[in-house]
Amino acid sequence: MIRPRRNRRTPAIRSMICETKLSSADFILPMFLHEDQVDTPISSMPGVTRWCLESLVREAGEAHALGIPAVVLFPKIEESLKTPGAEESYHSNGLIPRAIRALKEAHPTLCVITDIALDPYNSDGHDGIVRRNSRGELIILNDETIDVLCQQAVCHARAGADIVAPSDMMDGRVAAIRAALDDEDFTDVSILSYTAKYASALYGPFRGALDSAPKDGDKKTYQMDPANSREAVRETLLDEDEGADMLMVKPAGFYLDIISKVRETTTLPVAAYQVSGEYLMLKSAAAGGWLDERTVVLESLTAIKRAGADMILTYFAKSAASWLGEGK
Ligand code: PBG
């Protein structure tokens with residue numbers, strides 16, 4: 001008889017045949033920040049905090065010491081600074097540029113990634129600039145938005161960002177941002193493109209954290225339909241062609257088939273974003289005592305890596321890294 005169970009017999013044998021090994025070097029920690037002087041726990045995401053600048057720097061340092069190579073920043077912008085044109089998104093002394101400078105000064109080896117999109121800055125809460133057409137329908141202007149995204153990317157590059165990550169899903173933005181960065185001599189700044197970003201209900205807790213939900217309408221004219229996968233291949237080929245350095249699939253856990261498809265389509269590194277709703281589902285089940293947090297979180301991250309992700313954006317990054325115990 002052929003007995004596959006022999007390969008599962010002891011921990012030593014299992015460790016040798018293990019195909020997917022998680023490491024803290026796989027993780028990117030998403031961090032929320034605001035202008036206030038105090039830290040605020042985020043009610044929609046238990047265990048996650050919106051940091052003031054000083055705490056952000058400390059927390060990022062702790063993450064880095066646990067072996068996490070990168071953080072990605074998400075700002076909560078004061079209501080009074082939000083405008084239809086999202087001008088605050090490229091203000092050279094805005095919250096994000098100041099945070100980048102503080103992080104790079106304190107932790108020069110930490111990779112700082114910034115989100116490129118207008119939703120935290122835009123009075124309409126959309127990733128792009130909004131206009132109404134003659135029939136009163138909401139239109140997200142593609143090309144006008146790209147001009148602002150380019151300014152935002154250059155602004156972050158000037159402040160010292162290592163990687164800019166456009167999450168807006170406008171057409172042609174990767175090529176435009178690449179050209180804008182190169183024009184300003186930021187040829188070393190990378191682009192991590194949100195290539196296949198779905199119009200998912202799982203972003204709800206994140207929008208609560210940043211007060212960035214769309215005031216009107218939804219994001220279905222730019223984010224992808226969860227029913228589609230061929231479209232993800234099309235977006236992959238385009239982003240690769242436009243000069244992206246890394247691609248992302250988002251969300252992660254419900255979209256493992258997409259991660260795997262993107263992995264097979266490109267030779268570029270692939271990231272996957274375990275988003276706020278995924279975090280909340282696991283966290284609340286664990287808090288209720290219904291799931292074992294450590295085991296289920298590591299299983300979810302292993303599944304995302306097994307599907308083909310090289311990097312995982314996860315709010316569990318620090319916990320997972322300390323469970324893996326590889327820190328300095
Ligand atoms: C916005 C952005 C969103 C997330 C990351 N960047 C929300 C959205 O598209 O509405 C969601 C992340 C999460 O849910 O954890 N550009």
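1. Let's start with a pair of charged neighbours: arginine 58 and glutamate 59 join their side chains in a salt bridge, with N and O 3.5 Å apart. Keep in mind as you look that this is a predicted model. Arginine 58 has 44% relative accessibility and so counts as partly exposed. Glutamate 59 has a relative accessible area of 13%, which makes this residue buried, because buried means under 20%.

2. Now follow glutamate 59 to another partner. Its side chain also meets that of lysine 318 in a salt bridge, and here the N to O distance is 2.6 Å. Glutamate 59 sits in helix H2 (residues 53-65) and lysine 318 in helix H11, so this pair ties together parts that are 259 residues apart in sequence. Lysine 318 counts as buried, at 19% relative accessibility. That value is worth checking against the cut-off, because buried means under 20% relative accessible area.

3. Step back to see how these contacts connect. Arg58, Glu59, Glu62 and Lys318 belong to one network, joined by salt bridges that share partners. How many salt bridges does the count come to? The count is 21 salt bridges. One of them links lysine 82 with glutamate 79, whose closest N and O atoms are 3.4 Å apart. Is lysine 82 buried or exposed? Lysine 82 is buried, at 9% relative accessibility, whereas glutamate 79 is partly exposed, with a relative accessible area of 48%.

4. Next, the aromatic rings. The structure holds ten aromatic pairs. In one of them, the ring centres of tyrosine 194 and tyrosine 273 are 6.4 Å apart and the planes meet at 50 degrees, so the pair is tilted. The word "tilted" follows from the angle, because planes under 30 degrees apart count as stacked and those over 60 as edge-to-face, with the rest called tilted. Tyrosine 194 belongs to strand S9 (residues 190-197) and tyrosine 273 to strand S11 (residues 270-274), so the pair ties together parts that are 79 residues apart in sequence. Tyrosine 194 is buried, with a relative accessible area of 2%, and tyrosine 273 counts as buried at 1% relative accessibility.

5. Stay with tyrosine 273 for a moment. This residue also forms a tilted aromatic pair with tyrosine 315, with 6.1 Å centre to centre and 45 degrees between the planes. Tyrosine 273 is in strand S11, while tyrosine 315 is in the loop between strand S12 (311-314) and helix H11 (317-324), so this pair ties together parts that are 42 residues apart in sequence. Both tyrosine 273 and tyrosine 315 are buried. Which residues do ring pairs link into a cluster? The cluster contains Phe32, Phe74, Tyr194, Phe206, Tyr273, Tyr279, Tyr315 and Phe316.

6. A patch of positive charge gathers Arg3, Arg5, Arg6 and Arg8. Arginine 6 belongs to the segment before helix H1 (11-17), and with a relative accessible area of 51% it is exposed. The cut-off matters here too, because exposed means over 50%.

7. Finally, have a look at some backbone details. Where is the cis peptide bond? It runs from lysine 250 to proline 251, with omega near -10 degrees. Proline 251 is in the loop between strand S10 (246-250) and helix H8 (256-265).

8. Alanine 86 has a positive phi of about 55 degrees and lies in the loop between strand S4 (70-75) and helix H3 (95-106). Alanine 86 is buried, with a relative accessible area of 0%. Aspartate 185 has a positive phi as well, near 70 degrees, and is located in the loop between helix H5 (173-183) and S9. Aspartate 185 counts as exposed, at 65% relative accessibility.

Note on methods
Residues are numbered from 1 along each chain as its sequence is written. This is a predicted model: local features need pLDDT of at least 70, side-chain atom pairs count only at pLDDT 80 or more; totals for chains, interfaces and linings use all residues. Side-chain values use heavy atoms; hydrogens and water are left out. Rings of Phe, Tyr and Trp (its six-membered ring) pair if their centres lie within 6.5 Å; planes under 30 degrees apart count as stacked, over 60 as edge-to-face and the rest as tilted. Helices (H or I, at least four residues) and strands (E, at least two) are DSSP runs, numbered from the N terminus. Buried means under 20% relative accessible area, exposed over 50%, partly exposed in between (1.4 Å probe, protein chains only). Patches are made of residues with over 30% relative accessible area and no salt bridge: like charges are joined within 9 Å, nonpolar side chains (Val, Leu, Ile, Met, Phe, Trp, Tyr) within 5 Å. Accessible areas come from the Shrake-Rupley method with a 1.4 Å probe; for residues, only the protein chains shown count as cover. A salt bridge is a side-chain nitrogen of Lys or Arg within 4 Å of a carboxyl oxygen of Asp or Glu. Lys and Arg count as positive and Asp and Glu as negative; His and the chain ends are not counted. The place of a charge is taken as NZ of Lys, CZ of Arg, CG of Asp or CD of Glu.
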